[in-house]
Amino acid sequence: MTSSSKIAVRELPLFPLPEVVLFPTRPLPLHIFEFRYRIMMNTILESDRRFGVLMVDPVKGTIANVGCCAEIIHYQRMPDDRMEMLTLGQQRFRVLEYVREKPYRVGLVEWIEDHPPSKDLRPLATEVEQLLADVVRLSAKLTEKDIELPEDLPDLPTELSYWVASNLYGVAPEQQALLEIQDTVARLEREAEILTSTRNHLAARSVLKDTFNNS
């Protein structure tokens, strides 16, 4: 654990992003072009390379109150001072208050973690892995593309729950809800529900496809 993760409360520069939810252990590539965020990143690069990512709901125009700290792993400056960055999700946080808004947002945040598990997580994680495999297999069949689960799928249940959540494309509000859950069991159970629904939908489409192909 890094020294910064032991601090209960700290000020953190904040980077709101439309429909983007970052999870711990997951990568997030960024293209920095706005002047205020170029200022922010240059300041961060002189300190601990960390900032907070918060999801913006473009429909409601609201900024989430719970986000994930990102650490700059690699960056490259463009000739016009834009930046290409690779960041990695660290710990989650809750915004207690905004310290300032300009030139970029800075918040006073507290770190949040999952509560200790009340039961063995392995069976639930295994169920989620099997559902993932089913969804990938059916997706490959329907699209006739070579789709496979990555070999480096996380072994630890909590990290697996973050991996699944980060790969639920196009459902930022659902991802935000998963980010805010502070219980690995509850997060995995919700993901099992989502994957079961997806699997059943794909299975039904697969049956229809087979029926038409064989008619």
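This is a short chat about a predicted model of one protein chain.

Biologist: How many helices and strands are there in the protein chain?
Modeller: The chain has 5 helices and 7 strands.

Biologist: What pattern does the chain follow along the sequence?
Modeller: Read in order, the pattern is β-β-α-β-β-β-β-β-α-α-α-α.

Biologist: And what does the C-alpha trace span along its principal axes?
Modeller: About 65 × 45 × 35 Å. As for cover, 43% of the 215 residues count as buried.

Biologist: Now aspartate 152. Where is that found?
Modeller: In the loop between helix 2 (122-143) and helix 3 (157-166).

Biologist: Why does aspartate 152 count as exposed?
Modeller: Because its relative accessibility is 64%, and exposed means over 50%.

Biologist: Which residues gather with Asp152 in a patch on the surface?
Modeller: Asp146, Glu148 and Glu151. Together with Asp152, they form a patch of negative charge.

Biologist: New topic. What does UniProt list for residues 178-205?
Modeller: A "coiled-coil region", and that comes from an unreviewed entry.

Biologist: How much of residues 178-205 is helix or strand in the model?
Modeller: The span is 89% helix and 0% strand. Its end C-alpha atoms lie 27 Å apart.

Technical notes:
Residues numbered from 1 in each chain as written. Predicted model: local features only at pLDDT ≥ 70, side-chain atom pairs only at ≥ 80, totals over all residues. Heavy atoms only, no water. Patch = residues over 30% accessible without salt bridge, like charges linked within 9 Å, V, L, I, M, F, W, Y side chains within 5 Å. Areas by Shrake-Rupley, 256 points an atom, 1.4 Å probe, with all protein chains shown as cover. Salt bridge = Lys/Arg side-chain N within 4 Å of Asp/Glu carboxyl O. Lys, Arg positive; Asp, Glu negative; His and termini not counted. Charge placed at Lys NZ, Arg CZ, Asp CG, Glu CD. Helix = DSSP H or I, 4+ residues; strand = E, 2+ residues; numbered from the N terminus. Buried < 20%, exposed > 50% of the residue type's maximum accessible area, 1.4 Å probe, protein only. UniProt positions renumbered as here; feature names shortened; annotations may be inferred.
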